[in-house]
Amino acid sequence: QVQLVESGGGLVQAGGSLRLSCAASGRTFSTYTMGWFRQAPGKEREFVMAITWSGDRIYYADSVKGRFTISRDNAKNTVYLQMNSLKTEDTAVYYCAARRGDHRPEYNYWGQGTQVTVSS
């Protein structure tokens, strides 16, 4: 069982930056692929970025390419999402998720989400 808690969301102006953190419980964190997803009002949840347990593979949505980066610190059981050059369309609730093995569409564990609001 893995429990995930996101933090770092907030209100930022377009062009600004935010860093989200996701703290995980459990001693097997380092074996999980970690992903970030988001859901905007009235829209389906969508994939943002993911990083494998060793950090050797990173996956991303085209909409965040060149603006967002993902990283993890297995010693701290934490994964980060650095978001730069934010746009109003990045406004959403951001969720951290975990799964064993490589990145796939289905994730087994989810955090409660953190709100990111980008103003124009």
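Predicted model: local features only at pLDDT ≥ 70, side-chain atom pairs only at ≥ 80, totals over all residues.

Biologist: How far apart are the sulfur atoms of C22 and C96?

Modeller: They sit 2.1 Å apart, and the two residues form a disulfide. The count for the model is one disulfide.

Biologist: Left-handed or right-handed?

Modeller: Left-handed, because the torsion about the S-S bond of C22 and C96 is about -80 degrees. C22 belongs to strand β3 (residues 18-24) and C96 to strand β9 (residues 92-100), so the pair ties together parts 74 residues apart in sequence.

Biologist: Nice. What is the bridge partner of E6 in β3?

Modeller: That's C22. β1 and β3 pair in the antiparallel sense, over four bridges.

Biologist: And which residues of β1 are on its covered face?

Modeller: L4 and E6 are on the covered face of β1 (residues 4-7), while V5 and S7 are on the uncovered one.

Biologist: What's the strand order in the open sheet?

Modeller: The order is β1-β3-β8-β7, four strands with antiparallel pairing. β1 and β7 are at the edges with a single partner strand each, so one side of each has no neighbour in the sheet. On average, neighbouring strands here are turned by 15 degrees against each other, direction ignored.

Biologist: How many bridges between β3 and β8?

Modeller: Six, again in the antiparallel sense.

Biologist: Switching to the core: which residues touch the most other members?

Modeller: In the largest nonpolar core, which has 29 residues, those are L4, M34, W36, F68, L81, M83 and Y94. The elements giving two or more residues to this core are β3, β4 (32-39), β5 (46-51), β7 (68-73), β8 (78-83), β9 and β11 (114-119).

Biologist: Let's zoom in on L81. What is it in contact with, leaving aside neighbours within four places in sequence?

Modeller: L81 is in contact with L18, R19, L20, W36, V48, M49, F68, T69, I70 and Y94.

Biologist: Now the backbone. Which residues have a positive phi although they aren't glycine?

Modeller: N77 is one of them, with a phi of about 55 degrees. S85 is another, with a phi of about 50 degrees.

Biologist: Where is N77, and is it buried or exposed?

Modeller: N77 is in the loop between β7 and β8. It is buried, with a relative accessible area of 18%.

Biologist: And S85?

Modeller: S85 is in the loop between β8 and β9. At 41% relative accessibility, S85 is partly exposed.

Biologist: Last topic, the whole chain. How many helices and strands?

Modeller: Zero helices and 11 strands. The radius of gyration is 13 Å, close to the 14 Å that the globule rule gives for 120 residues, so the chain is as compact as a globular protein of that length. Its C-alpha trace spans about 40 × 25 × 25 Å along the principal axes.

Biologist: What share of the residues is buried?

Modeller: Buried residues make up 45% of the 120. As for contacts between residues at least 6 apart in sequence, 55% join residues at least 24 apart.

Biologist: Great, thanks for the tour!

Note on methods
Residues numbered from 1 in each chain as written. Heavy atoms only, no water. Disulfide = S-S within 2.5 Å. Buried < 20%, exposed > 50% of the residue type's maximum accessible area, 1.4 Å probe, protein only. Pairing = 2+ DSSP bridges. Core = buried A, V, L, I, M, F, W, Y, C linked by side-chain atoms within 4.5 Å. Contact = heavy atoms within 4.5 Å. Axes fitted to C-alpha atoms, helices over the stretch in contact; angles between N-to-C directions. Rg over C-alpha atoms; globule rule 2.2 N^0.38 Å.
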